[in-house]
Amino acid sequence: MKCIIIGGGIIGLSSAYYLHKAGHEVIVIDKTDMVDGCSYGNAGYVCPSHFVPMPTPGIVQMGLKWMLNARSPFYVQPRLNWHLMNWSFKFIRSANMKQVNAAAIPLRDIALLSQHLYENDWAADSAFSFAYQHKGLLEIFQTEANAHHAQGSVEKARKLGLDVALLDSDELQLLEPHTKIKALGAIFFKCDGHLYPNKLMQDMKDYLQNKVHFIYNQEVVGFETKDSRVSKVITGSGYYEADKVVLATGCWSRELAAKLKISIPMMPGRGYSLTLQDSPYRVNYPAVIIEGRVAITPMDGNKIRFGGTMEITSTNSPMRMNRVEGILNAVKEVYPEFDIPLPAREQVWFGYRPCSADGLPYIGSLKNIRNCIIATGHSMLGLSLGAATGKLVSEVVDEKPTSINIEAFSPERFN
């Protein structure tokens with residue numbers, strides 16, 4: 001069977017990996033040269049701990065407060081845009097405890113599946129060397145309010161069967177003897193792992209190079225359909241016939257799905273990261289700073305990456321260095337010995353995460369376009385859920401029972 005995958009990020013490449021292994025002819029089309037994007041600049045977490053979706057009770061009020069702070073970790077750029085208003089309405093409706101609790105199990109299940117595949121299918125393969133480590137993740141808090149919230153998070157994680165501990169400030173400091181930490185404590189999610197995304201993406205491209213057909217720098221501009229199926233994928237340079245089509249174009253998926261008359265509520269959420277090589281600063285464990293919403297990851301032996309912010313904006317708006325300044329300020333608050341100057345713009349990575357309206361990815365086939373599979377909307381969890389999403393896509397293509405229940409991820413759940 002000929003399968004066309006539109007999108008060459010981690011979701012597209014993982015889908016190509018499993019579809020090739022299933023015996024299919026695979027074509028990957030991307031509008032870029034596939035050397036950048038959210039699959040490269042993220043924090044590298046493989047994190048079952050992230051079972052709470054982005055829309056939560058209180059996030060709207062906090063977002064309104066943060067809009068007055070140019071260095072805040074969450075920002076929605078106000079503008080007259082129907083897609084933004086539609087997404088915002090559904091986002092607000094999803095920000096309740098019933099939805100949060102309902103999302104926990106499917107997010108846990110897909111994350112655990114993904115981690116299993118990374119550890120047993122990928123890291124165990126000699127063709128890959130992406131510096132995977134299963135060391136755990138620290139969620140560090142500085143305020144009494146977040147300390148109280150952490151107790152509830154630990155209880156929920158344990159009910160979900162995750163390996164987790166609550167640390168006080170002394171126990172936290174013992175884990176990081178190389179630098180002072182200014183905090184009340186941390187949640188230690190022992191269930192989590194991390195890797196170096198840049199190496200992972202290069203490994204995947206190298207592995208697939210002679211196994212699938214890559215088409216670079218061609219943007220898909222439309223589709224030809226016949227009998228409720230996509231018969232041709234049309235690019236600016238021609239067209240390609242396919243038996244199955246996988247739409248995995250990240251934050252651009254909404255516009256592409258619309259060409260098939262499919263509505264996917266989604267907005268791009270811009271994030272920033274800075275990677276230091278041979279840094280004088282050292283941490284043993286990846287960490288999330290709760291108050292500043294900042295991620296810190298030691299990578300590949302000699303690197304440390306700082307990342308954060310969720311900036312709901314258009315993909316053509318200029319980058320904002322004050323967001324990067326906010327990241328570094330948050331790091332300094334917790335790691336007071338880390339004296340990192342604001343870098344030049346060209347040293348900063350930024351990319352656009354595909355944010356669904358309810359914090360769950362869109363994975364599955366379409367009812368009216370029977371040979372089209374959607375795989376997008378992973379927000380900040382694209383890399384974490386990448387391996388599992390590729391596996392699930394291959395199972396959907398082959399019409400096999402899926403490894404986990406994907407009903408919660410239906411691409412048409414808002415229709």
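Analyst: A residue is called buried when its relative accessible area is under 20%, exposed when that area is over 50%, and partly exposed in between. Keep this in mind as we look around this predicted model.

User: Are Glu311 and Arg323 buried or exposed?
Analyst: Both Glu311 and Arg323 are buried, so each has a relative accessible area under 20%.

User: What makes the contact between Glu311 and Arg323 a salt bridge?
Analyst: A side-chain nitrogen of Lys or Arg has to be within 4 Å of a carboxyl oxygen of Asp or Glu. For the side chains of Glu311 and Arg323 the N to O distance is 3.9 Å, so the pair meets the cut-off. This pair links distant parts of the chain, with Glu311 in strand S17 (residues 303-312) and Arg323 in helix H10 (residues 321-334), 12 residues apart.

User: How many salt bridges does the structure hold?
Analyst: There are 10 salt bridges in the structure. One of them joins the side chains of Glu399 and Lys244, at 3.8 Å from N to O. That bridge also reaches between distant parts of the chain: Glu399 is in the segment after helix H11 (386-397), Lys244 is in strand S13 (residues 244-247), and 155 residues separate the two.

User: Why is Glu399 called exposed, and what is Lys244 called?
Analyst: Glu399 has a relative accessible area of 66%, and exposed means over 50%, so the word applies. Lys244 has 8% relative accessibility and counts as buried, because the limit for that word is 20%.

User: How do you know that Asp339 forms a salt bridge with Lys332?
Analyst: The closest N and O atoms of Asp339 and Lys332 are 4.0 Å apart, and the cut-off is within 4 Å, so the pair counts. Asp339 is exposed at 56% relative accessible area, while Lys332, at 36%, is partly exposed.

User: Why is Glu171 called partly exposed?
Analyst: The relative accessible area of Glu171 is 37%, so Glu171 falls between the 20% and 50% limits. Glu171 belongs to helix H7 (residues 169-175).

User: Why is helix H11 described as largely enclosed?
Analyst: Of the 12 residues of H11, 11 are buried, so H11 is largely enclosed by the rest of the structure. Among these buried residues are Gly386, Leu392 and Val397. Their cover includes S1, H1, helix H5 (97-122), S13, S19 and S20.

User: How do you know that the span of H11 agrees with what it should be?
Analyst: At 1.5 Å a residue, the 12 residues of H11 should span 16 Å, and the end C-alpha atoms are 17 Å apart, which agrees. Just after H11, Glu399 takes a positive phi of about 55 degrees.

User: What makes S10 and S12 edge strands of their sheet?
Analyst: Their open sheet has 3 strands in the order S10-S11-S12, with antiparallel pairing. Strand S10 (220-226) and strand S12 (238-241) each have a single partner strand, so one side of each has no neighbour in the sheet. From one strand to the next, the twist averages 30 degrees.

User: Which strands stand at the edges of the 6-strand sheet?
Analyst: This open sheet runs S9-S2-S1-S13-S20-S19 with mixed pairing, and its edge strands are strand S9 (213-215) and strand S19 (362-365), each pairing on one side only.

User: What makes S1 and S13 a pair?
Analyst: Two strands pair if there are at least two bridges between them. Strand S1 (residues 2-6) is joined to S13 by 4 bridges, so the two count as a pair. These two strands run parallel, and Ile6 has Leu247 in S13 as its bridge partner. Helix H1 (residues 10-21) packs on this sheet, and its direction makes about 165 degrees with that of S1.

Notes. Residues are numbered from 1 along each chain as its sequence is written. This is a predicted model: local features need pLDDT of at least 70, side-chain atom pairs count only at pLDDT 80 or more; totals for chains, interfaces and linings use all residues. Side-chain values use heavy atoms; hydrogens and water are left out. Buried means under 20% relative accessible area, exposed over 50%, partly exposed in between (1.4 Å probe, protein chains only). Axes are lines fitted to C-alpha atoms, for helices over the stretch in contact, and angles run from 0 to 180 degrees between N-to-C directions. Contact means heavy atoms within 4.5 Å. The expected span of a helix is 1.5 Å times one less than its number of residues.
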